[in-house]
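Below are my notes on the model, as numbered points. Please read them with the structure open.

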Amino acid sequence: MYLTPFQERMLKGEFGWVYAKALEIIVKVGEALGSERLVEISHAHVSGVSYSNIGEPGLDFLRDFYREMPRFRVYTTINPGCVDYGMLSEVIDNKYLGKQALIDEALVGMGAKPVFTCIPYYHRPPLPGEHLAWGESGAVIFANSYFGAMTNREGGPLALASALTGFTYHHGLHELENRVARVLIKISPPIHNKPLSLAGLWIGENVRKVPMLEIKEKPLYEIKALLAAMAASGSHALAVLDGITPKGTYMTGIEETITLEFSDVEKYIGETPGRGETVLGYVGCPHTHPEELFILRRLLERYREPKRGRLLVTMPPEIASTYSSIVRLLLSRKVDIALGTCPVVSVLRKKYDLMLTNSGKAFFYMRKIHGLKVGIASLKEIVESIYT
């Protein structure tokens, strides 16, 4: 791999062993993939920061770096931790509060913005063609597909290394010739009347090449859920959204057209509440966007408290602060609000019989992580199941 004189000096340890080790990680991964050079990035998003996921080995890794007092060379955001930073949730267990605090201290001490979210584009929307090094599959696919940015689907350690060095390997989705839509997917009208996550789960499971989708009229939060579901059930990091993905950030070479029917996705609807079952309604995977908050406010105005189970809403701390009046209304309706975390990367205080969510990503992971039965429903259906 070709390295500039500055990169050579970094690799040789002239700026300290932390930067040298970080660049070594990037170079080795790049060389294994056939990359010939590095590319500068402007934003790193570090995933794998929850203690319930990375445990003591991950904590030790981060603290070893932090002890040398390095600083991130680019704008850096971090994924959700495993605790509720608002300290209000009765659903999320803060049993690892002390351990998570050590992780957060290391990351923020190195210069990360303490956003604790899986939607970093809310804090800093990337530009078309901008090179990033992002972890978190749902964020990666949204950055590439919605904004036309360029990032591969990085693991937490590699995104951390890029934050420290300011570089990543020039390969994969950093190259236009690898951003080619091959499969045109037409979504039939009956699916459009359901959560778009259903289509995302099917595409992730059944389509291997870069898809092109026609979803021009859908709101941002539905697109967010669709893309995250694709990334969860498959390995997608890019889907070309016809009329949305910026021109010049992809190419087309359609080889196949698929019309997705409701019968194809019906199996993903999953479970519905049974008599006497405890239900956890869940909104916020990926983290709740203001659009969803406005809808929840309208839906909950007519109710006072849950009739069955709880409604959990997870969001970034900044959104809760910005839309504090809506948060107060939700709290008055006994909504359980957790900030800077989500059930995928945390521990639940109690076991529920069923989770009802609008998220295909939650559908995919919550069954595996917490052993829950999960059903997919619209925001309106979730609220009605809990409050009526």
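In which loop is F116 found?

1. F116 is found in the loop between α4 and β5 (132-134). Helices (H or I, at least four residues) and strands (E, at least two) are DSSP runs, numbered from the N terminus. F116 has a positive phi of about 50° although it is not a glycine. Its relative accessible area is 8%, so F116 is buried; buried means under 20% relative accessible area, exposed over 50%, and partly exposed in between, with a 1.4 Å probe and protein chains only.

2. A word on the source. This is a predicted model, in which local features need pLDDT of at least 70 and side-chain atom pairs count only at pLDDT 80 or more, while totals for chains, interfaces and linings use all residues. Residues are numbered from 1 along each chain as its sequence is written, and side-chain values use heavy atoms, with hydrogens and water left out.

3. E136 also deserves a look at its backbone. Its phi is positive, about 80°, although E136 is not a glycine. E136 sits in the loop between β5 and α5 (137-147), and it is buried, with a relative accessible area of 13%.

4. T341 lies in the loop between β13 (336-339) and β14 (347-348). Its relative accessible area is 0%, so T341 is buried. Apart from neighbours within four places in sequence, T341 is in contact (heavy atoms within 4.5 Å) with P80, G81, C82, V83, D84, I92, F116, H287, T314 and S346. A polar atom of the T341 side chain lies 2.7 Å from the backbone oxygen of G81. A polar contact is a pair of N or O atoms within 3.5 Å; within protein, one must be able to donate a hydrogen and the other to accept it, and residues adjacent in sequence count only if both atoms are side-chain atoms.

5. Helix α3 (residues 51-66) packs with helix α4 (residues 97-109): their axes come within 9 Å and cross at roughly 40°. Axes are lines fitted to C-alpha atoms, for helices over the stretch in contact, and angles run from 0 to 180 degrees between N-to-C directions. The angle makes α3 oblique to α4; under 35 degrees counts as roughly parallel, over 145 as roughly antiparallel, 65 to 115 as roughly perpendicular and the rest as oblique. The contact is made by Y51, I54, E56, L59, L62, R63 and Y66 of α3 and by K99, Q100, L102, I103, E105, A106, L107 and G109 of α4. By class, these are 9 nonpolar, 2 polar and 4 charged residues. Here Ala, Val, Leu, Ile, Met, Phe, Trp, Tyr, Cys and Pro count as nonpolar, Asp, Glu, Lys and Arg as charged, and the others, Gly among them, as polar.

6. The axes of α8 and α9 are 7 Å apart, at an angle of about 30°. That makes α8 roughly parallel to α9. On the α8 side the contact is made by S197, A199, G200, L201, I203, G204 and E205, and on the α9 side by A225, L226, A229, M230 and S233. These residues divide into 7 nonpolar, 4 polar and 1 charged.

7. W202 also lies in helix α8 (residues 197-206). At 14% relative accessibility, W202 counts as buried. Leaving out neighbours within four places in sequence, W202 is in contact with V207, I258, L260, D264, V265 and Y268. W202 and G234 are 32 residues apart in sequence, with their C-alpha atoms 8.9 Å apart.

8. How many residues of helix α6 (residues 156-165) are buried? The count is 9 of the 10, so α6 is largely enclosed by the rest of the structure. S162 lies in this helix and, at 1% relative accessibility, counts as buried. Beyond its neighbours within four places in sequence, S162 is in contact with I26, I41, V74, A133, F167 and T168. After α6 comes G166, with a positive phi near 85°.

9. In helix α11 (residues 290-300), the buried residues are P290, E292, L293, I295, L296, L299 and L300. They pack against α9 (220-233), β11 (279-283), β12 (310-315), α12 (317-322), α13 (324-332) and α15 (379-387). P286 is found in the loop between β11 and α11, and the peptide bond from C285 to P286 is cis, with omega near -5°.
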